[in-house]
Amino acid sequence: MRAFALTVSLTLFAALGLRSFASAKDGAGPKEKELIAVLRSDAPEADKAMACKRLAIHGSADAVPDLAKLLGNERLASWARIPLESIPDAACDQALRDAAGGLQGTLLVGVINSLGVRRDAQAVSMLAKLLGDGDAAVASAAAIALGLVGDDAAVAALRPALAAGPPAVRNAAAEACVVAAERLLAAGRGADAAALCDAVRRADVPPQRIAEATRGAILARGSAGVPLLVEQLRSADRRLVGIGLSVARELRGPEVDAALVAEIGSAAPARAALVVTALADRGGPVARKTLAEITGRRDAARAMRLAAAESLGRMGDLESLPSLLTAAADDDADLAAAARSAIAAMQAAGVNDRIVGRLAAADAAALPMLLELVTRRRIAAALPNVIEAMKSPEKSVRTAALAAAGETVDFGRLHLIIERAIGSDDAGDSAAALAALRTACVRMPDRDGCTAVLEPVIATGPVGTRIAMLDIVGEVGGPRALAAVAAAARNADEPLRDAGTRLLGTWMTADAAPVLLDLTKELPEGKFRDRALKGYLRIARQLAANEAERIAMCRTALATARGDGDRAIVFEAIEGMPNAAAVQKAVEATP
Amino acid sequence: MTVRSLSRRHFLAAGSAAAIAPVVIPGSALGLDGAAAPSERIVVGGIGIGRRGGHVLGSFLEQPDVRFAAVCDIKEARRTAVKKMADTKHGDDRCTMHRDFRELLDLQHIDAVLIATGPNWHGTMSAHAARAGKDIYCEKPCTKTIAQSLALRDIIRRTGRVFQAGTQRRNLPHFAFACELARTGRLGEMRRLYAHPAGMQAAMSGWLPAEPAPDPKEVDWELYLGPAAWRPFNPRLLDGFNFEKGGGLVGGGVLEWGSHCVDLCQWAVNDRPPPVEYAPPRDGQIVARYDDGVELVFREQGWIPLGSCPVRFEGETGWVETGDSGKFVLSSPDLLAGRKVAKIGGYPATFHVRDFLDCVKTRAKPKGNEEAACNAHIACHAANVAIALGRPVRYDNATNRFVGDEEANRLLSEACREPWRM
């Protein structure tokens, strides 16, 4: 029970931001003494564990002897090692080294791991001896720790284990050597790093270790490692190909670009496509030029063209555009789609001008693709061409033009789409125009202006058209749209009431709340009134500015309830609100 | 500002565009047009598949080139449930079950693993998986400390594995668009990034009174504890979601949600090294600063209601705010010019999983790669250190240590329980 109480208090202490740690600078000594006293007492293990944890902050060399005593305790050793790894005092290293001599098994592994984390160079000779321990876990831990220390003595100790140790130890020694090689490379000793990695590559170790060492060997050699990189790209071993592709993205230098371009030219298509993606990730002019060439070459392998086209979307420049436009018109639907997506995503200046330039001279076969690009890039400058294309006798051109009009038309010419939406004899044109109208209206800055343009259709058109226009103004939003939809909700025609209450039920702004409340008072009982009540409560749940407003709205809803059914709707809605219990309590407390 | 006061200039994009899925490379180029050939198939194993893991696993199983072949869990009931899910999908009974994840990692036919244990295990298990030659999709938060973040990054690089943190919002169009606006200068010079931490308190799992431990076949407590310091069995600690998050000393909401929204802020500034200054919470905010003065603000309040996990990026000339609704608000509709952004509400992992799988094949870096995850996690951990110490701290990205602050530096790492290591 005492342990539980302590844990709870510590949790609260944590919740308060562990502020007492801030007092450490005011006097770590007393705090540390207090914690050491816990370790020396007959306090429950829980208390000692937490004392260890806090000594990670407050401890010094003074705490080390008492912490070291716990290293042989299976339940508390892991807690003791927390401060022994973090206290910046050589006494911790000494204590861990001393403890290693008297421990075995998992506890010894833990101590060795801590020595590795602390990179204790004075432990090297001891760790070297432990490489020969009969417990493979201990020997492997020693190898890993030596790799973390990574000095010349540690590396010298690892080499025999790599060459002739038991399998598990060879595996660990290989990992350790690659870690040590990284340190050598960082210290400017590339040749030593490469030699160490080569030793691992020659060793009888698992394939993953070989792959890691191969990476290290390439990087350590720099540009001189390119032939080794190419060797991996040509390998029959999937793992080594993977390492080659990975290093191809890491290794700097024009020699790498040149080697990758050469590989793309000679490798089998599937492999070449992977190299294309690696080259693309490197970026730069060589990559851009190569990818553009591949994309535009009809005789290039499909997989390569696909990979190149996709990559150009994020790196292509204006010079890449002709190749992409060629691919965008290809009979291969996947390639065409990839090229179109790439063009749609291109950031280079001048792309839009080039597309508009092509529009003027395009025939009916080419127009749908170019109009799709106008749509996806929202090229406003193409609007005159788009309007012209809307008159095309070719249906595919008209459909594409209407989609483009949705993205490019300005307010002054919105009527062109409206006329097509309500006046066309072609059902396909009408549907395309309606979709375009929705797109156009939603992006227009003048919401009320948009609604005003649509109001005559809402007032006089066939019911289906009126509902379609209501759906559009519902998406547009704004005060005038809200009024139009509210009027529909009160209309004598049921389909319009249905549309109006449906749209109000999902209105995006809170100014629909009074409208919905009025409807709950005005409408006869039935699904439209229920919808209004639920819509009002949805606004309370999702759009109320704060809890007080939410509670007030729920109280209002309750006050307008006509029976148990309404009250059930209110309380069901409250259940879904933030802080539902408090809201319900407040609402129920209403006089 | 609330939605009610938004002018039309503050354009509310409401998803009129057709849904588009961000992909690295067309699926057909990778052999995804139809059933995948065996050589193109990625064999996946799952470790710690609970509620969240099951959701992500569903995204894996949707992919035509995935074969889910093995499940590992310390809980027998979960092992059985996931096997049933996978076998039903594949129409056979070949999914193998394992209690110890090392058994699963030893399976040579497994190419990649989904790690969805509690955060106590994420970093350590990812390191083990990488050394075993597996590519890794790991749920977030991926690490418990700053040192673990750096170590995991280095291990992934060294082993040449593909790593995807479970930061699936990087593959959702509205978040990607918002980050792109910031990253490409469309908002002007960046001034301030806002992230929603959903709680700024440190949390601690502690040591609860011992209760009778279940049969390890049903619940393996020793494996559950893994790298966390030992304590006796107590079912209240058997909540993987919170157990030892952030090392149990400096975890909490900043890490839980920060590994998503801070991660997005990091992406907005091109995944640069994390901020260098962190102040403790004040008036519901933690303010951190990058080395050029750009602020990263963790704040609880003041968000436009755009769903959970909101972020806001403010530049010299414009701003954008977005959240899990799939909608975003812009300071000007001009910012949208020339672009269509699909609206995908919620936070599906499908696109993130696809990004990962494509990169498994191409060996490219997925969006939530080890470097990006490392930087974002360091920012969260450093903010938590400021919370824990109750005072500002300064972090040096060159040395990866706090500047002149021994207490803070002692919180950089925490020993793994024996025999575990990073």
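Me: Which strands of chain B does helix H2 (residues 76-90) lie across, and at about what angle does it run to E3(B)?

Reply: In this predicted model, helix H2 of chain B lies across E2, E3 and E4 of chain B. Its angle to E3(B) is about 165°.

Me: What makes E2 and E3 of chain B a pair of strands?

Reply: Pairing requires at least two bridges. Strand E2 (residues 42-47) and strand E3 (residues 66-72) of chain B are joined by six bridges and run parallel, so they count as a pair. B:Gly45, for instance, has B:Ala70 of E3(B) as its bridge partner.

Me: What makes E4 and E7 of chain B edge strands?

Reply: The open sheet has six strands in the order E4-E3-E2-E5-E6-E7, with parallel pairing. Strand E4 (96-98) and strand E7 (163-165) of chain B each pair on one side only. Neighbouring strands of this sheet are turned by 20° against each other on average, direction ignored.

Me: Why are H16(A) and H17(A) called roughly antiparallel?

Reply: Helix H16 (residues 254-266) and helix H17 (residues 269-282) of chain A pack at an angle of about 155°, with axes 9 Å apart. Angles over 145 degrees count as roughly antiparallel, and the two helices are therefore described in that way. H16(A) passes H17(A) in a left-handed crossing.

Me: Which residues make the contact between H16(A) and H17(A), and how many are nonpolar, polar or charged?

Reply: H16(A) contributes A:Asp257, A:Leu260, A:Glu263 and A:Ile264. From H17(A) come A:Ala272, A:Val275, A:Val276, A:Ala278, A:Leu279 and A:Arg282. By class, the contact has seven nonpolar, no polar and three charged residues.

Technical notes
Residues numbered from 1 in each chain as written. Chains lettered and ligands numbered in written order. Predicted model: local features only at pLDDT ≥ 70, side-chain atom pairs only at ≥ 80, totals over all residues. Axes fitted to C-alpha atoms, helices over the stretch in contact; angles between N-to-C directions. Helix = DSSP H or I, 4+ residues; strand = E, 2+ residues; numbered from the N terminus. Parallel < 35°, antiparallel > 145°, perpendicular 65-115°, else oblique. Left-handed = near helix turned anticlockwise from the far one by under 90°. Contact = placed C-beta atoms within 7 Å. Nonpolar A, V, L, I, M, F, W, Y, C, P; charged D, E, K, R; others polar.
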